[in-house]
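Visitor: I would like to learn how to read a few features in a structure. Please take them one at a time, with the general idea before the case.

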Amino acid sequence: MTDDDPLINARAQVFHDLQASGHADPRGVSILEDAVAERRWWVAQWPEGADYVAGQIAQDVQDALMDSVGRWPRCKACDDVEPHELRIEPELGPNPHWVCDRGGIDVAPLGEL
């Protein structure tokens, strides 16, 4: 990505993962747009936190999708047969990535599912 706006980069990363999991439909995109709009204020208040906004947006989308479509993104990386989602790590930090807490597996960087 070449854009210097951390919100645009975060949007692109989360959109890619929504697409990869089949949730880049109008509902998923609307949830993503709302999360980006809400985090714009957060970055304005704490510019030093710009490196952390991508993970925050991914978590916001994950929380909102739980209410409408269920667990997102679902883990396909481990042997656990019970459906469960991947989680973003670090919760507040740069270079967020998806992990399976159950299997202890680092699955993919955000934007590369």
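Visitor: Over which ring does the charged end of R11 sit?

Guide: This is a predicted model. In it, the charged end of R11 is placed over the ring of F15, at 5.5 Å from the ring centre. A second case involves R39, which lies over the face of W42, 5.1 Å from the centre of that ring.

Visitor: How many aromatic pairs does the structure hold?

Guide: In general, a pair of aromatic rings is described by two values, the distance of the centres and the angle of the planes. The structure holds three such pairs. For W46 and Y52 the ring centres are 5.5 Å apart and the planes are at 55°, so this pair is tilted. A pair counts as edge-to-face only when the angle is over 60 degrees.

Visitor: What geometry does the pair of W72 and W98 have?

Guide: W72 and W98 are edge-to-face, with 5.4 Å from centre to centre and 85° between the planes. The pair links distant parts of the chain: W72 belongs to the loop between α3 (53-68) and β1 (87-89), while W98 is in strand β2 (residues 97-100), 26 residues away. W72 counts as buried because its relative accessibility is 1%. W98 counts as buried too, at 0%.

Visitor: Next, the helices. Which residues of α2 are buried?

Guide: An α-helix has 3.6 residues a turn, so residues three or four places apart point the same way. In α2, the buried residues are G28, I31, L32, A35, V36, R39, W42 and V43. These buried residues pack against α1 (6-20) and α3. R39 and W42, both on this list, are also the residues of the charge-over-ring case above.

Visitor: How far does α2 reach from its first C-alpha to its last?

Guide: Helix α2 (residues 26-45) reaches 29 Å over its 20 residues, which is close to the 28 Å expected at 1.5 Å a residue.

Visitor: Now the strands. In what order do they form the sheet?

Guide: Strands of a sheet pair through backbone hydrogen bonds, either parallel or antiparallel. Here three strands form an open sheet in the order β1-β2-β3, with antiparallel pairing. β1 and β3 are the edge strands, each pairing on one side only. On average, neighbouring strands of this sheet are turned by 40° against each other, direction ignored.

Visitor: Which residues stand opposite one another in these strands?

Guide: β1 and β2 pair over three bridges. E89 stands opposite H97 in β2, and I88 stands opposite W98. That W98 is the ring in the edge-to-face pair with W72.

Visitor: What phi does G104 take in the hairpin of β2 and β3?

Guide: G104 takes a positive phi near 65°, in a hairpin with four residues between the strands.

Visitor: Which strands does α3 touch when it packs on the sheet?

Guide: α3 touches β1 and β2, and its direction makes about 165° with that of β1.

Definitions and conventions:
Residues numbered from 1 in each chain as written. Predicted model: local features only at pLDDT ≥ 70, side-chain atom pairs only at ≥ 80, totals over all residues. Heavy atoms only, no water. Phe/Tyr/Trp six-rings, centres within 6.5 Å; stacked < 30°, edge-to-face > 60°. Helix = DSSP H or I, 4+ residues; strand = E, 2+ residues; numbered from the N terminus. Buried < 20%, exposed > 50% of the residue type's maximum accessible area, 1.4 Å probe, protein only. Lys NZ or Arg CZ within 6 Å of the ring centre and 35° of its normal. Expected span 1.5 Å × (residues − 1). Contact = heavy atoms within 4.5 Å. Pairing = 2+ DSSP bridges. Axes fitted to C-alpha atoms, helices over the stretch in contact; angles between N-to-C directions.
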